[in-house]
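Hi,

Here is the model we talked about passing on.

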Amino acid sequence: MHLHQWLSAEGKNPSNFAREIGVPASTIRRIIVENRSGTHAVTEKIIRGTGGKVLPNDFFDLDQILKAK
């Protein structure tokens with residue numbers, strides 16, 4: 001599940017989630033808009049903050065990557 005999907009399902013906004021996990025809101029917005037992962041430490045915080053619902057592979061559009069092969 002992508003982070004933006006999890007936030008929507010949980011009724012959370014990026015700024016509040018960022019505050020909850022202790023990262024800048026701009027980091028969360030960048031991850032959502034640019035669909036990329038943050039640092040290892042940020043990724044761990046997102047995994048913990050989402051209860052494992054958002055995992056490292058969820059930061060990548062794997063369908064797009066596989067189609068490009």
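This is a predicted model: local features need pLDDT of at least 70, side-chain atom pairs count only at pLDDT 80 or more; totals for chains, interfaces and linings use all residues.

Below is what turned up, going from the whole chain down to single residues.

Residues are numbered from 1 along each chain as its sequence is written, and side-chain values use heavy atoms, with hydrogens and water left out.

**The chain overall**

The protein chain has five helices and zero strands (DSSP runs, numbered from the N terminus: H or I of at least four residues for helices, E of at least two for strands). In sequence order that reads α-α-α-α-α. Of its 69 residues, 25% are buried (under 20% relative accessible area; exposed is over 50%, partly exposed in between, with a 1.4 Å probe and protein chains only). Take the contacts (heavy atoms within 4.5 Å) between residues at least 6 apart in sequence: 42% of them join residues at least 24 apart.

If you click on Ile46 and ignore its neighbours within four places in sequence, you'll find it in contact with Leu3, Phe17, Ile21, Ile28, Ile31, Val54 and Phe59.

**Helix 1 against helix 3**

The axes of these two (lines fitted to C-alpha atoms over the stretch in contact, with angles from 0 to 180 degrees between N-to-C directions) come within 9 Å and cross at roughly 115 degrees. Helix 1 is therefore roughly perpendicular to helix 3 (the label covers 65 to 115 degrees). Leu3, His4 and Leu7 of helix 1 meet Ile28, Ile31 and Ile32 of helix 3. By class, that contact has five nonpolar residues, one polar and no charged ones.

**Alanine 25**

Is Ala25 buried or partly exposed? Its relative accessibility is 22%, so Ala25 counts as partly exposed. Ala25 sits in helix 3, and its C-alpha atom is 4.8 Å from that of Ser15, 10 residues away along the chain. Beyond its neighbours within four places in sequence, Ala25 is in contact with Ser15 and Ala18.

Cheers

Notes
Angles under 35 degrees count as roughly parallel, over 145 as roughly antiparallel, 65 to 115 as roughly perpendicular and the rest as oblique. Ala, Val, Leu, Ile, Met, Phe, Trp, Tyr, Cys and Pro count as nonpolar, Asp, Glu, Lys and Arg as charged, and the others, Gly among them, as polar.
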